[in-house]
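This note is intended for a colleague who is meeting the structure for the first time. Please read the points below alongside the sequence and the coordinates.

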Amino acid sequence: MSAVVTLSSLAAIAVTAAFVVPLSGLVPRSSGLISSGLAAIIALTLLARLSHRLGWIPAPVRARNLLALLIAAAADTAFAATALWVLWPEPVSFHLLFAAYLVALGAGLLSNAPGGVGAFDLTLLALLPVNDAAAGMAALLAFRVVYYALPAGLALIGLIRPVQAHTPRRFHHNEATLALQSAQILNHPKADLLTLQCGGSGAILGDLPDAMTLLDLRGSDAPRALYKCSAPQAVDARTAGWQVLRCANEAVLDLATWSLDGAKKRQLRRALRTFAASGLRIAETRNMTSLAPIAATWARSNGGERGLSMGRFCPDYLQRQRVFAAFDGAVPVAFVSFHANATWTLDLMRNGTTRGGAQLPNGTMQAHVYEGILAAMCDGAATLSLAAVPTPPPHLPFAKQTLTKSSGLVQFKQAFAPIWQPRYLCAPSIFHLTLAVTTLTFGIHRPPPLPDLNRVQRNDEDYSFAHTALPCEANTSSLGAFCDVPDPASCSAKCPD
């Protein structure tokens, strides 16, 4: 982070200098400076893209962010130069002083001295006309008082009597944990939104919050699509003139009435009996590192993990979910995870082999999901989603292949006799809809690298900012579920059934 901030600041100052210095007459030949400014713009753009691809920063930096950075750098240096201009003892044009200040600032930064002491002062005295060197040094000392000492003094007053910080509003979304991977939380004035990277300005995952309507998405930086929204939201979008496309069916269980009884669940009961006779056991786990070999084996067998709207294996990510694993003795051989909020949502499903290398018995994954259903009931959740299955319209390219690949997943979820609810993709125009379909599909199958959650200061006694989280703290954060017991696994003690 320090490297990104330093490089971006230097690049922004170089761009500002490339516009200011050549027109001031300070430097006789400034073609090289202009070239360096253009190179700085290119380098700044590449740095922004590379930082996101390598996981250094969680969200992509768009053109408007770079423009805002350049404007902020120009304003910051212009105000600082104004303070110096007011204090300078000799009559000099502001343009010339501004140019000299930028060159001296660059020299101070490159010298790596605290506050650029020495390099900044000597460069400025060499570039600007001054008859009395003592008066010039006095002006520089006064400038440092105004630019450094005065703000520091005001900050000390704030530390003596700190201002009460605004408490951020709690973010509610059934799949909020995705914000730790490929999704971003967009702070809209009316409500926070969970968005996915998508052509244009992104796509909102799910429905709009109750406080918002489609009219609130008119801003230039507002998302231009709704992904996997409900039928009522799709009706509102169509009424507003948006283009609507059915993209998936979501399998939902009403936990208030769901049970193992009924003819529709006889295959599920048979699968659970088969698993019960296998000798394996299902238990909730918090040891996410032990699940890494299972995830790696599954990824190799299935051509890698999908992403964007689907979670990928990461121990820190799973710490914020409820995870159930099948154990062969003490060794985990399969697991599933759930976003555990007001509505539980099935996320990762990963299976390996037994300790002897044999295939897992029939009913293993069904038993995982069943344990999750019982835990969700115990947790007081109203509904549990078995997640969505893609159902693109037959006329779209690759629709037949997609439906064929997802048929097994449909059969698996059908055993739980869910309520199938349609999900839609909505966008303001055919162009935006086509762009959303294309970029979302690419992002799901070719997701960017996961952000690095293991920072150097995390869980390190020399660099930590906070104590190591307790097992249930992840479930009480704004990105997790709620839990009123020290250990989620002990939830079964409250709910003997």
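1. The model is predicted. The protein has 497 residues, and 44% of them count as buried. Its secondary structure consists of 15 helices and eleven strands.

2. The accessible surface of the protein amounts to about 26000 Å², and carbon and sulfur atoms account for 62% of that area. Among contacts between residues at least 6 apart in sequence, 64% link residues at least 24 apart.

3. Helix H7 spans residues 231–239, and its buried residues include Gln 233, Ala 234 and Ala 237. These residues lie on the same side of H7, because the arc they cover around the axis is only 100 degrees. Pro 232, Arg 238 and Thr 239, on the other side of H7, are exposed.

4. Several strands contribute to the cover over the buried residues of H7, including strand S4 (226–229), strand S5 (243–254) and strand S11 (419–427). After H7 comes Gly 241, which has a positive phi, near 95 degrees.

5. Gln 366 belongs to helix H11, which runs through residues 364–379. Its relative accessibility is 15%, and Gln 366 therefore counts as buried, since buried means under 20%.

6. Which residues does Gln 366 touch, not counting those up to four places away in sequence? They are Leu 268, Ala 271, Leu 272, Phe 412 and Phe 416.

Terms used. Residues are numbered from 1 along each chain as its sequence is written. This is a predicted model: local features need pLDDT of at least 70, side-chain atom pairs count only at pLDDT 80 or more; totals for chains, interfaces and linings use all residues. Side-chain values use heavy atoms; hydrogens and water are left out. Helices (H or I, at least four residues) and strands (E, at least two) are DSSP runs, numbered from the N terminus. Buried means under 20% relative accessible area, exposed over 50%, partly exposed in between (1.4 Å probe, protein chains only). Contact means heavy atoms within 4.5 Å. The arc is that of the directions from the helix axis to the C-beta atoms. Accessible areas come from the Shrake-Rupley method with a 1.4 Å probe; for residues, only the protein chains shown count as cover.
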